[in-house]
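Here is a friendly briefing to read alongside the coordinates. Have the viewer open, and we will go through the topics in turn.

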Amino acid sequence: MRRIYVESMRRWLILCFALFAATCHVQAAENDSYYIGATYGADIHASPTSDSRMVGHLDRLTNVNILQRIRGWAEIESGSPKLRGWVIEGAVRQRYQPSSSQKARSSFFSGFARWFGGNEPQQQTAVLGVRGLEEGDATGTASNPQAVQWMESLNVSQDEVNRFIRDGKLNP
Amino acid sequence: MKRNLLPLLLATALLATTPAIAFDFNSLGDALGLDKETTKRLEEAAKVVSALVPISEEEEKILGRDVAARVAGRFGIDPDQNRTYYLNLLGTALAQHSDRPNLGYHFAILNTDDVNAYSCPGGYIFVTRGAMNMAQDEAELAAILSHEIAHVTEKHILKALQKSKLMQVGSEVAAEAFKNQGSQLFKQMSDFATDALFKGLSKEDEFDADRVSVVYLNRTGYDYLAMNDVLKLLDARRKRGMTKVLAKTHPNPTVRLQQLTAAERTLPLDAPTGIRLKQRFVSYTQSNKNPS
């Protein structure tokens with residue numbers, strides 16, 4: 001009787017573990033892609049300059065692959081819609097990619113949460129490089145006070161301004 | 001009407017001295033025996049009172065510095081010293097002919113090829129590298145800068161902030177927030193101003209800045225029609241689909257041009273001077289050496 005009970009418990013434990021591991025695997029495979037993070041999507045250019053021909057537009061949250069990066073631009077390709085071209089690098093974001101231990105821990109808890117109906121951990125995002133001219137979400141904007149100090153150090157003298165005005169035959 | 005005037009004034013005065021964050025005007029109206037229309041007028045009057053919460057020039061600078069740091073953090077600064085020096089000479093010359101000549105302005109180039117410009121409270125003004133490259137002569141770059149200076153002199157962002165619910169905390173609490181830049185309220189005010197920059201000001205504010213900018217151009221001695229030419233350049237780019245970002249922060253250039261042309265007939269402007277200074281513009285922006 002006791003042996004039957006132990007065997008039954010063992011089978012249940014194996015079944016539970018198998019189901020749990022499968023759930024974790026699905027979750028771990030979701031966190032690898034890049035996507036268009038700009039609020040209003042991003043224009044795709046033929047070459048890495050804003051003056052170049054536009055070959056299309058991708059909406060926010062469209063998944064993309066980054067092929068290369070040059071001077072603040074990223075060459076991307078998108079499967080849906082099928083498109084390849086250049087986008088301002090700041091418009092592309094990478095989904096949070098935890099280390100393998102973090103991934104395992106995250107998957108563990110997300111799998112656990114799935115099982116018991118709790119909320120999954122919020123997906124985090126990381127911004128790559130300088131952000132492009134997208135609007136909104138000012139709260140997430142990085143600050144660069146040193147740049148402002150540099151601006152304030154660039155005072156031009158009144159003599160220089162007067163000479164500038166005089167040379168241009170402008171109004172004093 | 002007279003019966004309603006006294007409670008209206010009393011309540012408005014009360015509100016003006018109360019750090020009211022959420023005020024139930026309907027309850028107040030009921031308590032004072034006011035009808036709905038008078039209660040609504042009371043609420044509107046209270047909004048006017050809250051809009052009068054003053055922001056000093058020093059406070060404006062504190063806010064502007066914080067917003068400017070976020071603009072710089074977002075795009076990066078173009079380190080080209082020659083171009084930046086030129087931008088500061090030109091910007092300062094224009095600012096001295098503006099309605100706030102003694103504010104102390106600072107100018108820098110943003111490290112992006114998109115065409116846009118940003119002005120923060122307190123006189124921190126940014127032009128993108130793309131906008132500098134789009135300009136064909138000094139007068140056109142002056143037009144872009146004048147438009148941004150006009151946003152500062154007309155205090156468009158500050159007025160929007162003053163009308164916001166954030167300032168309903170009252171002048172004393174607001175003043176404390178400016179002193180403590182780590183405070184939640186200051187952060188909210190900075191968020192508000194930064195959002196206004198990135199999402200765009202109202203169409204009326206943009207038209208207003210266009211109108212004021214031609215006056216500043218004219219006072220400084222530049223051909224004020226350069227502003228019209230800048231709008232034509234933007235319109236041409238818009239038709240080629242190259243200004244989608246600018247289009248989200250500014251009204252359609254065609255409409256701006258129509259509004260500006262109509263306004264130019266009524267503004268006190270001297271005849272166009274024809275001063276465009278293309279050669280100097282090219283010397284400063286396309287050479288690595290200071291032409292002076």
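How many residues lie between strand 2 and strand 3 of chain B in their hairpin, and which residue in the turn has a positive phi? There are 3 residues between the two strands, and B:G122 is the one in the turn with a positive phi, of about 85°. Please keep in mind that this is a predicted model.

**Strands of chain B**
- Strand 2 (residues 117–120) of chain B pairs with strand 3 of chain B in the antiparallel sense, over 4 bridges.
- Within that pairing, B:C120 has B:Y124 of strand 3 as its bridge partner.
- Strand 1 (residues 106–110) of chain B runs parallel to strand 3 of chain B, and 5 bridges join the two.
- On this side, B:F107 finds its bridge partner in B:I125 of strand 3.

**Burial and cores**
- Of the 292 residues in chain B, 47% are buried.
- Nonpolar side chains tend to be buried together in soluble globular proteins.
- The largest nonpolar core has 83 residues, and B:V127, B:A142, B:A226 and B:M227 have the most contacts inside it.
- Helix 7 (residues 138–153) of chain B supplies the largest share of this core, 9 residues.
- Another core, of 13 residues, lies apart from the largest one and includes A:I44, A:L58, A:A91 and A:V92.

**Contacts within chain B**
- Leaving out residues up to four places away in sequence, B:M227 touches B:A143, B:D210, B:S213, B:V214, B:L217 and B:L260.
- For chain B contacts between residues at least 6 apart in sequence, 71% join residues at least 24 apart.

**Where the chains meet**
- Contacts between the chains involve 32 residues of chain A and 44 residues of chain B.
- On the chain A side, helix 3 (145–152) and helix 4 (158–167) are the elements that give two or more residues.
- Helix 3 of chain A gives the most to that side, with 5 residues.
- By class, the side of chain A that touches chain B has 16 nonpolar, 10 polar and 6 charged residues.

Key:
Residues are numbered from 1 along each chain as its sequence is written. Chains are lettered from A and ligands numbered from 1 in the order in which they are written. This is a predicted model: local features need pLDDT of at least 70, side-chain atom pairs count only at pLDDT 80 or more; totals for chains, interfaces and linings use all residues. Two residues are in contact if their C-beta atoms, placed from the backbone, lie within 7 Å. Ala, Val, Leu, Ile, Met, Phe, Trp, Tyr, Cys and Pro count as nonpolar, Asp, Glu, Lys and Arg as charged, and the others, Gly among them, as polar. A residue is buried if 20 or more other C-beta atoms lie within 10 Å of its own, exposed if 12 or fewer, and partly exposed in between; C-beta atoms are placed from the backbone. A nonpolar core is a set of buried Ala, Val, Leu, Ile, Met, Phe, Trp, Tyr and Cys residues joined through C-beta atoms within 7 Å. Two strands pair if DSSP finds at least two bridges between them.
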